[in-house]
Amino acid sequence: MSGTDKGVSERSMGFGLRALNRLAGSSLLDRMRIRGHVERAVFSGSKNGFRTATAAGRTFKAAQRLGKPARQGRRDGGGLFDLTPDDEQGMFKETVSDFAAAKVRPAAGEADAERATPAELLAQANELGVNMLGVPEELGGVVGEGAAVTSALIGEALAHGDMGIAYAALAPGAVATAIARWGSADQEAAYLPAFTSEDPPAAALAILEPLPLFDPTSLRTRARREGSDWILDGTKSLLARPGECELFVVAAAVEDGGPALFAIESGADGLSVEPEPAMGLRPAATGRLLLDGVRLPGEAQLAGGDPSAYAECVQRARIAWCALSVGTAQAALDYVIPYVNERIAFGEPVSNRQGVAFAVSDIGIETEGMRLATYRAASRADQGLPFSHEAALARRLCAAKGMQIGSDGVQLLGGHGFVKEHPVERWYRDLRAAGVMEGALLV
Amino acid sequence: MINLETPKKFKPLVDQANQVATEVFRPISRRYDSEEHAYPKELDMLAALIDGMNEGSDIGGAGAAGVRRSSNGDSDGGNRNGSNLSTVLGIAELCWGDVGLLLSLPRQGLGNSAIASVATEEQLERYGGKWAAMAITEPEAGSDSAAIRTRAELDGDEYVLNGEKIFVTSGDRADLIVVWASLDPARGRSAIKSFIVERDNPGLNLDRLEHKLGIRASDTANFTLQDCRVPKEALLGSPEIDTKQGFGGAMQTFDNTRPLVAAMAVGVTRAALEETRGQLEEAGVELDDAVPAYAQSAAAARFGEMEADYEAARLLTLQAAWMADNGKPNSLQASMAKAKAGRTCVDVTLGCVELCGSAGYAESELLEKWARDAKILDIFEGTQQIQLLIVARQLLGKSSSELR
């Protein structure tokens, strides 16, 4: 194609790029020590082009309001060591595993490429009840007592299909769980019926911020008082499908206080979203939520700002991400076993070599360790026992060993692991999330 | 109901084992490490106490009550927390005190475990109440137990044993040595049987006691068997050379003892972590679970990483024991537990010495001792590499001839 055949806009685009390239090659920028500034300006200029308002959501209307907030009860641990799920958990696990194998895994490659999970798949996941696990029975939920183990088993099973799709499918449930655990009777009445309805909303629990060394106990997002209102400013990172969300629960540092959670309906003034494509979790269409002087009524705060509620939220989120990483690690193990058994090198299966076989052993051992640590933290949460230490241990295991498993999964397939013909490169990208994500999911 | 907490009903047992560890083991821990080969006479009293208790192993011991699987383990379809779980809990607690001393507990040897697991009623009667060590390893056969050369030949009503055995834990102190020997080297693994030899048998000669890196409270003996005659009845299990079952039967002891060694590693690991936590906190290192590893000090992050590995090792060990209690095949999980606990114990104890600096390295504390004791736990009862081999064969569905 010759230059003269190009359309006007294409040519002007080309001209703009040429000018930009000349600017980039200029030593003037370096001499003036302004290269960093200019590059950042160019980057955010292109980025801000995609910034959009949040979705025009439904009006959340209170259905029946209870005198006091309804909460899921504690589970009785029974006093015995036991690794068998109860009947209800077993049923959930089996159903979701079937769904993950039949529907999620086959859709994963395309969802990753398209950065979108098919709406039909999300609807099917909703029909399985995955987003109302944290809702008490009085408010239309299906699980009477603590649902952390149940949620972990479901997260693991879905992520065995695909971690990014699991994130997209489970993210709204985190908001329902947050409202059900820490919301007032009014907040429960206003928001929870939508999550148990046939058309549950997309929603996101936003804690993570785009900062190096991000620490959820020390947030950059601020909430300040103005009369009886709250004014929120800040940026939240890697939300699932933020453009479609109708409700957000956002963590912000309260002036003269610790971090707290706030319920924010989409469409609020000062609220916008922008895409934030990442290394993995791509089917969740990750994006940022920007809060610019967002004004909220005083009652938008959850748990009355109780710092222990926020701390519990952070730990429950870590357990949920652990569950997803366990499922993904198991997927990697299940995938590499037949591969190394069938792949022939030097006249025999590569798995006949200890260098290969021992890597498989380590994947198996560490996956099992991650799983048990995750179950223990979740089970303690369900029993009303302290679980912050156990959640932290599970988190460390899943962040470190999960990533190693992602890496070994690719390594064991060699060059074939590096190309998209096999899913191991996707798991490599997704498993990095277990050490990065905060909030976003809950058990 | 998924619950990974220590069963309430075993809490008294764990508390009791902890008292023994605190009151009996810890105070003499350094002494018997320094005075290698000295007999820890304090243990006689303790052993008598353990004998007097119901079933012997109920406060843990070293699992010498054996690990006979109750065939009706799953009969009521319910969840069982039985002697496998209580034993690993007790052992971990005692090894938090001192692993070398645990291995020196009279009548709690590995040989006792083998006898209790497979002996006939007559053998139990004849050898019960005695201290039995286990002699498997030879100079030319370590992990490859099938390659042992010690011969056993039937001569009338007696077997005649000839060969050399090394690394026999408590070999000098025990009353009995369970010796692995081959009835017919030409017929491979299935011809390997175990024989109970009285320590005072004139054909059993003590060559020397080893000087070791760790577990120095425990004596490690080397023997020569020279025309060592034992009665026919001293053979444990079936005298038939069953090519299908033979070696599997002998190896079954290992299936059952791997979680016990994993439990030893778990106990030593916890000891080092507790000591190090105390020292770090005293030094002003903030150990805050809520803060992500990357935002903590390097020392806190390293400590958290070690604690996480400990948690995985401990839970894998409990899982393997729980499965045995419930009659579920656990060979895979037993090896996973042994592999993870063994390497974690070495990594963590060495890491703790490093974090605590000279206070960790010097003999003023027990950290350096635990780091020396740790290494054997990643070696005996199947090295790290052997465990990885077993795990790999199971996961990949491979035979020992395919994956060697």
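Visitor: Which domains does the domain assignment of chain B give?
Guide: This is a predicted model, in which local features need pLDDT of at least 70 and side-chain atom pairs count only at pLDDT 80 or more, while totals for chains, interfaces and linings use all residues. Residues are numbered from 1 along each chain as its sequence is written, and chains are lettered from A in the order in which they are written. For chain B the bounds, which come from an automatic or database domain assignment, are domain 1 (8-118), domain 2 (130-236) and domain 3 (246-396).

Visitor: How many residues does the contact take from domain 1 and from domain 2 of chain B?
Guide: Two residues are in contact if their C-beta atoms, placed from the backbone, lie within 7 Å. On that criterion, domain 1 of chain B supplies 21 residues and domain 2 of chain B supplies 21 residues.

Visitor: Are α9(A) and α10(A) roughly parallel or roughly antiparallel to each other?
Guide: The axes of α9 (residues 307-342) and α10 (residues 354-382) of chain A, lines fitted to C-alpha atoms over the stretch in contact, come within 9 Å and cross at roughly 155°. Angles run from 0 to 180 degrees between N-to-C directions, and those under 35 degrees count as roughly parallel, over 145 as roughly antiparallel, 65 to 115 as roughly perpendicular and the rest as oblique. The two helices α9(A) and α10(A) are therefore roughly antiparallel.

Visitor: Which helix gives the most to the side of chain B that touches chain A?
Guide: Here 40 residues of chain B meet 41 residues of chain A. Helices are DSSP runs (H or I, at least four residues), numbered from the N terminus, and α8 (298-325), α9 (331-356) and α12 (384-396) of chain B each supply at least two residues of this side. With 11 residues, the helix that gives the most is α8(B).
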